[in-house]
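Dear colleague,

I am handing over the structure below, and after it I set out what was found. Please read the notes alongside the coordinates.

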Amino acid sequence: MAAAQPRTIRGRAAIYLLAIVFAVFSGFPFLWAALTMVRQDSDLYVTTHNPFVLAKPPTLGHITDLLRNTPYLQFILNDIVIGLATVVITLVLSLPAAYALARLSGRWGEKVGIAIFLTYLVPPTLLFLPLSRLITVIGLQDSIWSLVVVYPGFTIPLSTWLLMGFLRSIPRDIEEQAQVDGYSRLGAVVRTVFPLALPGIFTVVVFTFTLTMQDFIYALAFVSSSSSMTVSVGVPTVLIRGDVFYWQSLMASAIIVAIPVALLYNVFLGRFIRGFTLGAVKG
Amino acid sequence: MAVVETKSLRKEFGHTMAVDGIDLQTDEGEYLVLLGPSGCGKTTLLRLIAGLEHPSHGDVLIGGQVVTHLPPRARQIAMVFQSYALYPHKTVFANIAFPLAAAGMPRDQRPEKVRWAASRLGIDGLLERRPRQLSGGERQRVALARALVREPQVFLLDEPLSNLDAKLRASARDELKEFQQRVGITTIYVTHDQVEAMGLGDRIAVLNEGTIQQIGTPDEIYHHPANTFVATFVGSPPMNLLTRDGTLLGFRPEQFLPASAVGERPGQMVFDFAVTRVENLGSDRYVYGHLPGVDPEAKVIAKLPSTVTTPVYVGDRVPFVVSGGDLRYFNQRTGTLTAAGEAEVKP
Amino acid sequence: MTVAQRSAGEITMGPRRERYLLDSERLLGPALMAPAVVYLILVVGYPLVLAFLYAFSDATTGSQSLHFVGFQTFVAAVKDPVFLTTLRNTFVFTAISQALVVILSTVLAFVLTANFHGRWFVRFLVLLPWTTPVALSAVIWLWMLDSIFSPFDWFAQLLHIVPPGGHIIFLGQSDLAMGSVIALQTWRILPLATVILMAGLSAIPSEVSDAAEVDGAGFWRRLFGITLPLLSPVMTVALLFGIVFTFTDMAAVFVLTGGGPGNATQVLASWAFYKGINGGNLAVGAADALIMFPVLLGLAAILLRIASRAEVS
């Protein structure tokens with residue numbers, strides 16, 4: 001690694017200082033949200049005392065309020081259903097494509113691979129208008145399935161790239177051995193490549209799922225009834241009712257989603273990076 | 001009947017002709033080695049026989065049947081790759097049983113066959129282990145057991161010893177040869193290591209640039225090379241080649257000895273050897289120099305066994321002799337052998 | 001052409017010719033890629049074409065038909081008084097946030113590749129802004145920048161930037177609102193850029209830096225003379241990703257300020273949304289969105305050239 005471990009006291013102090021600064025910079029909003037989430041109203045809507053100290057005992061009332069009296073749980077459920085369905089579609093389509101790119105591509109194959117990846121660069125803000133029209137035409141407007149249809153548009157390119165990287169790292173020998181041992185190419189792949197690619201596939205599943213949760217514009221454009229909304233859309237629109245902001249519940253709604261997703265990312269980060277860089281190495 | 005036969009086999013990759021018209025027949029039960037430098041086409045040829053590549057032209061026959069357009073699984077072959085390609089996610093037992101499962105053998109019949117193959121390779125005790133727990137030599141044996149279990153018509157081996165460390169290679173080579181002789185299945189073996197080839201092969205096919213330069217027993221290849229390529233590729237150090245009177249004259253380093261050690265014999269050719277360097281390797285002495293009277297440009301090597309104790313020093317000009325029967329003549333333009341062993345008068 | 005049958009007691013093989021189609025390499029590759037390619041054509045390619053069509057037409061969400069009107073829509077879109085503001089805002093938003101991201105992410109990448117206690121926790125916190133869905137982070141910021149209850153008011157009072165009891169109207173004043181949106185975007189994109197740079201850093205062999213150290217180069221010289229130049233291809237990739245992403249992003253603006261106050265923070269992407277969805281004017285919305293396209297194409301071209309020249313390894 002080029003960033004050498006600092007050996008001087010000054011160097012180490014600088015690292016710690018910077019680390020703290022960045023940690024605070026990144027984490028402060030979440031700290032504030034977490035504090036807010038358990039504050040009683042009378043403690044929250046005052047400006048006189050130190051906002052980092054709770055003057056009144058914390059309460060979970062706002063969280064239960066969020067879970068019981070709002071469509072929040074429905075939002076989460078929608079996200080889960082959409083996420084899983086998108087993952088299935090994405091895997092079914094990108095796994096074979098990734099295999100073809102990793103093993104069978106000639107000159108034209110490389111070009112198709114790059115073209116697939118390029119579609120990720122087409123911004124949703126360009127596509128959401130025609131797509132919203134198309135969604136209406138096929139009658140999926142205001143339904144979570146409109147998102148299930150559209151999301152693979154950006155999850156497929158990324159998944160294909162990731163999977164291609166993982167598949168490339170499986171030696172070709174093993175597939176050929178299985179062919180010599182008596183299987184057709186398809187049989188060989190299913191029996192040798194697939195089991196060995198499972199960790200990579202799992203990583204892609206996690207990655208795709210979390211990617212679907214990130215979308216805002218499509219969900220906002222296609223869905224208007226709260227029963228079909230995702231968390232991303234529901235929280236800023238439905239939970240902010242007119243001029244009345246139930247801030248504690250709002251903060252809770254954000255934290256409840258943010259922490260698990262971040263934990264997942266942290267666990268899989270190393271593998272994401274490896275998959276992406278593997279996909280970039282030619283041959 | 002030839003177990004494996006190729007007819008005018010050609011394979012093109014883009015603009016390169018990897019295999020350029022190869023006709024080959026194996027004898028039943030023989031150990032045939034495909035020997036050549038990297039890029040000569042030996043691995044491509046093996047893969048064509050296996051069915052992992054499709055020829056651009058020509059045919060492959062196995063067991064008398066034309067298999068050119070059949071996939072590997074239909075050819076009744078077994079192959080061992082350089083990496084052994086053991087299935088990492090399966091036990092040794094499952095690895096060996098894999099071809100049986102592919103052929104549709106009922107599950108209850110498999111253990112007997114697996115145990116039979118394992119015992120012939122002495123790995124009965126390893127059946128429950130996984131590949132990553134095995135040593136290099138053990139992995140080779142598992143790969144061979146897996147190849148054996150289907151009782152194929154031919155074994156195809158692609159440089160299986162290259163991944164072993166040097167010490168292991170010699171004993172693994174020994175085991176391989178002994179295994180093949182026991183089992184008696186025709187084997188085609190690819191290697192770039194000419195020592196391996198000489199040690200293992202019943203016959204050796206020397207390849208270069210997609211064609212067979214010569215095919216014959218190790219003795220034939222070594223002592224009667226068909227051209228300068230074979231002559232210089234096989235044998236270490238390579239054969240000495242001199243230009244003389246418009247032809248190439250060749251003799252091997254171990255055949256080039258001090259006149260005083262050999263004594264005078266009829267049909268000898270004597271040379272004035274100008275020594276530039278001496279390497280003492282214990283079992284042999286390598287003497288480097290040139291022959292000013294014949295071909296001052298050519299670098300000549302003599303290999304003296306330790307039993308020849310004649311002192312030789314740098315800067316000496318010593319008479320060295322080659323016995324007439326060891327001389328080989330090659331066409332200077334084409335490299336082919338033109339004559340062998342003619343006695344000549346002193347130059 | 002059948003394979004010879006072996007004698008009884010040994011394995012019998014007799015597969016037929018037809019079953020070998022699965023082995024055909026020429027057919028298999030395209031067949032495997034086709035479903036994904038077709039899907040992408042339908043869900044990305046076709047709408048993209050439609051976007052172009054809309055921009056050159058008079059489509060609205062209400063109308064059933066589409067009439068070609070040439071550049072009229074573009075002219076109408078551009079002539080809209082808000083348009084220029086939107087365009088300027090988009091450039092300001094992108095340029096400042098990404099400039100900040102480049103600098104900060106480089107520093108952060110070095111910090112996170114060093115070993116120190118609690119590194120995992122710091123990394124977790126640093127990743128939070130990126131992994132959290134943008135709408136939710138924006139809601140958090142909305143509260144954090146509240147004009148009455150923001151904790152920053154309290155800090156500002158402590159530091160005497162404002163008088164006691166004074167408030168900073170983060171989202172209500174044009175400049176502050178723009179600053180807030182830029183801050184949010186920087187905060188969000190920083191983790192992504194950092195991760196890309198960290199991957200790039202780990203690919204630089206330490207021998208290069210070690211050799212420089214042996215040659216007598218001090219920390220700063222090594223940093224600026226060797227490490228950063230070696231890192232610059234990856235930095236460029238990260239920067240371009242960030243620019244492409246930010247230039248076309250609407251969520252931060254939409255949730256945090258709604259484009260306001262007035263249209264002080266409106267960007268092209270959010271403007272296109274208002275016009276197209278809220279306003280129902282598909283054509284104008286599409287035209288607004290399309291104007292981003294030339295910039296994007298240019299950036300994509302640069303990205304590709306860099307990616308192909310400096311192979312990430």
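**Domains, interface and strands**

Chain A is divided into domain 1 (9-59) and domain 2 (64-280), with bounds that come from an automatic or database domain assignment. This is a predicted model, in which local features need pLDDT of at least 70 and side-chain atom pairs count only at pLDDT 80 or more, whereas totals for chains, interfaces and linings use all residues. Residues are numbered from 1 along each chain as its sequence is written, while chains are lettered from A and ligands numbered from 1 in the order in which they are written.

The C-alpha centres of the two domains of chain A lie 33 Å apart, and seven residues of domain 1 are in contact with seven residues of domain 2 (contact means that the C-beta atoms, placed from the backbone, lie within 7 Å). On the domain 1 side, helix 1 (residues 9-37) of chain A gives the largest share, five residues (helices, H or I, of at least four residues, and strands, E, of at least two, are DSSP runs numbered from the N terminus).

Between the chains, 14 residues of chain A are in contact with 18 residues of chain B; helix 9 (172-180) and helix 10 (185-214) of chain A each give two or more residues to the chain A side, and the largest share, six residues, comes from helix 9.

In chain B, strand 1 (residues 4-13) and strand 4 (residues 57-62) run antiparallel and are joined by five bridges (strands pair if DSSP finds at least two bridges between them), with His57(B) as the bridge partner of Arg10(B). Strand 4 and strand 5 (residues 65-66) of chain B, also antiparallel, form a hairpin with two residues between them, where Gly63(B) in the turn has a positive phi of about 60°.

Best regards

Terms used. Contact = placed C-beta atoms within 7 Å.
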